[in-house]
Amino acid sequence: MKLTFRRGVIHGFPICLGYLSVSFGFGITAVANGLTPLQATLISAFNLTSAGQAAGVGIIATMGSYIEMVLSQFIINLRYALMGISLTQKLDNCFITPHRMIAAFGITDEIFAVAYSQDGKIKPCYMYGMIFISWLGWVGGTLLGSLAGTVLPAIITGALGIMLYAMFIAIVVPPARQNGNILFAVLIATVLSIACYYLAPFISSGFAIIICAVIASTIAAIVFPVKEGEE
């Protein structure tokens, strides 16, 4: 099956629908934290990262520092660099550097998984089709959610705003149930997050994310090291 732009759009459409609902929750959350619908939509237009955007809005709401924003985004989004490196093994020879730089913007967990599962080499047109339709869903959902957040009652927007966090739970729970190592890291991060919130309230949310992620991943790496050559 030829991987064309149209095929990319077709494969990306389910991702678009998923992003539409999740980004709707992000739009509501952004407006609830003081951003305008335009600001929330622009954030989604130039950032295709749900966890990074959620953390970023929290830092903006608490008037966090630039260094806090940079470090939190670097740690949260570092996995996309690893996905990009892995995906290079599937790219066609026509996927020259400019194409790679453009496609790098649209690499997410879902887009990476779909692209990597395809037979044969991936061409730029296929990636562009999948990224384009997914981006439309993400930006469109943010716009709708942010507009809804300005007119709906607080009790409704509060309920709809949990959709973003429900997605995080849906991402974490399945692998944690299947892999004890992941569950261990999740529990460590959870305990540290609770400790930061109740025992060290002076630590901002952005730095709390950085501290919890680094410590939990370091402990998990020490306790459960991956042996050389292990897949």
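1. Ala, Val, Leu, Ile, Met, Phe, Trp, Tyr, Cys and Pro count here as nonpolar, Asp, Glu, Lys and Arg as charged, and the others, Gly among them, as polar. By these classes, the second largest pocket is lined by eight nonpolar, two polar and one charged residues.

2. The model is a predicted one: local features need pLDDT of at least 70, side-chain atom pairs count only at pLDDT 80 or more, and totals for chains, interfaces and linings use all residues. Residues are numbered from 1 along each chain as its sequence is written, and side-chain values use heavy atoms, with hydrogens and water left out.

3. The second largest pocket has a volume of about 170 Å³. A pocket is an open set of points on a 1 Å grid over the protein atoms alone, where a 1.4 Å probe fits, with protein on both sides within 12 Å along at least five of seven lines; lining residues have an atom within 4 Å of a point. Grid points are joined across faces, edges and corners, and the volume is the space filled by probe spheres set on the points.

4. Which residues line the second largest pocket? They are Gly84, Leu87, Thr88, Leu91, Phe95, Arg100, Met101, Ala103, Ala104, Ile107 and Met127. Helices α4 (66–87) and α5 (97–105) each supply at least two of the lining residues, and the largest share, four residues, comes from α5. Helices (H or I, at least four residues) are DSSP runs numbered from the N terminus.

5. One salt bridge is found in a search of the whole structure; the term means a side-chain nitrogen of Lys or Arg within 4 Å of a carboxyl oxygen of Asp or Glu. The partners are Arg79 and Asp109, whose closest N and O atoms are 3.1 Å apart. Arg79 belongs to helix α4 and Asp109 to helix α6 (residues 109–116), so the bridge ties together parts that are 30 residues apart in sequence. Arg79 is partly exposed at 27% relative accessible area, and Asp109 is partly exposed at 27%. Buried means under 20% relative accessible area, exposed over 50%, and partly exposed in between (1.4 Å probe, protein chains only).

6. The aromatic pairs number five. Rings of Phe, Tyr and Trp (its six-membered ring) pair if their centres lie within 6.5 Å; planes under 30 degrees apart count as stacked, over 60 as edge-to-face and the rest as tilted. Phe184 and Phe224 have ring centres 5.3 Å apart and planes at 80°, so they are edge-to-face. Phe184 lies in helix α10 (residues 180–199) and Phe224 in the segment after α11 (205–223), so this pair ties together parts 40 residues apart in sequence. Phe184 is partly exposed at 26%, and Phe224 is partly exposed at 32%.

7. The charged end of Lys90 sits over the ring of Tyr116, 6.0 Å from its centre. The rule asks for NZ of Lys or CZ of Arg within 6 Å of the ring centre and within 35 degrees of the ring normal.

8. Is Met63 buried or exposed? Met63 is exposed, at 72% relative accessibility. Met63 is placed in the loop between α3 (50–61) and α4, and has a positive phi of about 60° although it is not a glycine.

9. Two further residues sit in helices. Ile85, in helix α4, is exposed at 57%; its C-alpha atom is separated by 26 Å from that of Val139, 54 residues apart along the chain. Ala216, in helix α11, is buried at 5%. Ala216 and Val191 are 25 residues apart in sequence and 9.6 Å apart in space, C-alpha to C-alpha.
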